Amino acid sequence: MSESGTPGPRDPQTAAAATPAGPGASPGSADAAVLRHLKPSGRVPAPAVPEPAVVDPVFSCRNVSVFYGAKEALKGVTLDVGRRQVLAMIGPSGCGKSTFLRCLNRMNDTIAGARVSGTILLDGQDIQDPSQDAAQLRARIGMVFQKPNPFPKSIYDNVAYGPRIHGMSRSRSQLDDIVCTSLQRAGLWDEVKDRLTTPGTGLSGGQQQRLCIARTIAVQPEVILMDEPCSALDPVATARIEDLIDELRESYAIVIVTHSMQQAARVSQRTAYFHLGELIEVGETDRVFTNPRHRLTEDYITGRFG
Ligand code: ADP
């Protein structure tokens, strides 16, 4: 599936639209291709309606593949990330969602035997160009992990860490402002303002995750990557993070991997469905959930997968 929704050579929509299903389809024929993509209802998916293209994407990824040794974990993914919106990546475990996320801040570089091919442009610049400094790049692309991982430092120092190493403040009061604003934007200030010198690790799980988000936004990234940020949290803490994601998208592009389809539907404007290393379908979240174009997406969303 191409990002624009234009049917490509491997796009089942092409086959479905081109050839009506016939009862006597022989294996390998065009009719067989259509039958393979019949929805369980017996209905051939409607011909593709082109997805609105992402205008001025922050990330533009073309034909991105990742190999771990000889294993191709991500297969030719073409996907854009829009500004000031949330892109949710869903799909069964092991289908390459985290691998794709790690391409966006070159974290796969840190994995021995991992190899990335294809093009990944951030604001039009190739992030894999050898002249690109990975540390600088990661300052522009924040990452929040599954398990909150505050540094073994005070709450203040957790948030001040990035601005300090990137030389973002000229005075203590400027640093104080960054710490305060970041904690406010992460919805944590009121809960911690009287204990900024206590360890970040002493906070509850949900607070720790908001601290990690404050630490991420303190360096003013352009994009925030989130890898199942709520999977270790209870429903109340999850709801707070989801509200926060909704607020943050006014300023940032956010890419979130989630196993919760409800969460994807609640927080994202676009949803991408991955399966066995391939991007199967991407589109506006409402459309993907109410009218998935691909049988695999529909099976996953309706729980028939597997
Ligand atoms: P998801 O996030 O959808 O669960 P992953 O991106 O973690 O999927 O994994 C995609 C595939 O790549 C899986 O088959 C997984 O086993 C493999 N994989 C992920 N990380 C590594 C790694 N560091 N080394 C080797 N294989 C890996």
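Setting aside neighbours within four places in sequence, Arg140 makes contact with Pro221 and Glu222, contact being C-beta atoms, placed from the backbone, that lie within 7 Å. The model is a predicted one, in which local features need pLDDT of at least 70 and side-chain atom pairs count only at pLDDT 80 or more, while totals for chains, interfaces and linings use all residues. Numbering starts from 1 along each chain as its sequence is written. Arg140 belongs to helix H4 (residues 134-140), helices (H or I, at least four residues) and strands (E, at least two) being DSSP runs numbered from the N terminus.

Val223 leads on to the core. Along with Met89, Ala214, Leu225, Ile254, Val255 and Ile256, Val223 touches the most other members of the largest nonpolar core, which has 69 residues. Such a core is a set of buried Ala, Val, Leu, Ile, Met, Phe, Trp, Tyr and Cys residues joined through C-beta atoms within 7 Å. Beyond four places in sequence, Val255 touches Val81, Leu87, Met89, Leu101, Leu104, Val223 and Leu225.

Now for the sheet: four strands form an open sheet in the order S2-S1-S4-S5, with antiparallel pairing, where a pair requires at least two DSSP bridges. Strands S2 (71-81) and S5 (125-126) each have a single partner strand, so one side of each is left without a neighbour in the sheet.

Notes:
Buried ≥ 20, exposed ≤ 12 C-beta atoms within 10 Å, placed from the backbone. Contact = placed C-beta atoms within 7 Å.
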